[in-house]
Amino acid sequence: MSALIAEAAAIIASARFDNVGDLLDAFHRGAATANLQEYFGCFHQEGRFLGTDASENWHVLEFYGFSKPYFERGTGWTYVPRPATRKTTFFPNEACPSFCVFDELLDSQDFHATTRGSGTCLYLEGRWLLAQYHLSFPLPNDLAKDVTRVIASFEAAVQHKEAEAAAAEAARELLAELDAQEGAPRKAPGGATQKKSGGKKKK
């Protein structure tokens with residue numbers, strides 16, 4: 001077990017809150033103050049964080065490794081729950097819960113529009129822990145088509161660049177493989193045929 005994993009394991013799921021609201025408040029406070037203990041202590045050992053980017057689907061251990069350098073520099077992120085927007089539903093019921101789902105509206109220092117946090121908490125041995133927290137930007141219906149069209153164009157451009165990079169890497173690997181075969185002619189990326197150097201020169 002690496003030192004980072006051992007460190008994370010000692011912190012994750014260390015929080016002890018018998019109230020979901022207190023857990024979520026500590027979660028946001030830990031993020032705002034860049035407090036690893038308070039923030040990651042709120043997660044279950046198998047918890048996940050889903051960010052606003054589609055690629056941000058982190059297991060809590062991965063998320064800890066990503067966040068640690070920022071937190072150590074005192075750089076966290078501030079999302080403040082709007083009063084009276086947090087909604088929680090308990091299963092099978094509030095009197096004897098096993099888990100709950102929640103959602104809340106948030107205000108951010110970095111993003112000017114409304115942000116939404118939602119997720120699932122587990123009730124284990126008298127305390128609540130986060131199984132998943134999902135951060136998202138709700139889109140007004142009147143803007144949804146225009147905004148998603150912009151996102152679709154961006155995603156297509158990214159996929160094209162990734163495909164080009166993958167093709168270039170495949171070409172490099174193929175050329176290296178061919179180059180390793182003695183006397184095998186190979187084509188450079190520009191299309192010209194190259195021959196293995198080092199043979200006898202014609203007089």
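**Overall architecture and selected sites**

The accessible surface of the protein amounts to about 13200 Å², and carbon and sulfur atoms contribute 55% of that area. The model described here is a predicted one. Of the 203 residues, 29% count as buried. Five helices and nine strands make up the secondary structure, and along the sequence these elements follow the order α-α-α-β-β-α-β-β-β-β-β-α-β-β.

We may turn next to the surface. F91, F99 and V101 together form a nonpolar patch of about 210 Å². One of these residues, V101, sits in strand 5, which spans residues 99-108. V101 counts as partly exposed because its relative accessibility is 31%, a value that lies between the limits of 20% for buried and 50% for exposed residues.

Helix 1, covering residues 3-11, holds A9. With a relative accessible area of 47%, A9 is likewise classed as partly exposed. A9 and F40 are separated by 31 residues in sequence, while their C-alpha atoms are 9.7 Å apart in space.

R127 belongs to strand 7, which runs over residues 127-136. R127 is buried, yet takes part in no salt bridge. The nearest side chain of opposite charge is that of E125, at 5.3 Å, whereas a salt bridge calls for a side-chain nitrogen within 4 Å of a carboxyl oxygen. Setting aside neighbours within four places in sequence, R127 is in contact with A13, S14, A15, R16, F17 and L122.

Conventions: Residues numbered from 1 in each chain as written. Predicted model: local features only at pLDDT ≥ 70, side-chain atom pairs only at ≥ 80, totals over all residues. Heavy atoms only, no water. Patch = residues over 30% accessible without salt bridge, like charges linked within 9 Å, V, L, I, M, F, W, Y side chains within 5 Å. Areas by Shrake-Rupley, 256 points an atom, 1.4 Å probe, with all protein chains shown as cover. Helix = DSSP H or I, 4+ residues; strand = E, 2+ residues; numbered from the N terminus. Buried < 20%, exposed > 50% of the residue type's maximum accessible area, 1.4 Å probe, protein only. Lys, Arg positive; Asp, Glu negative; His and termini not counted. Contact = heavy atoms within 4.5 Å.
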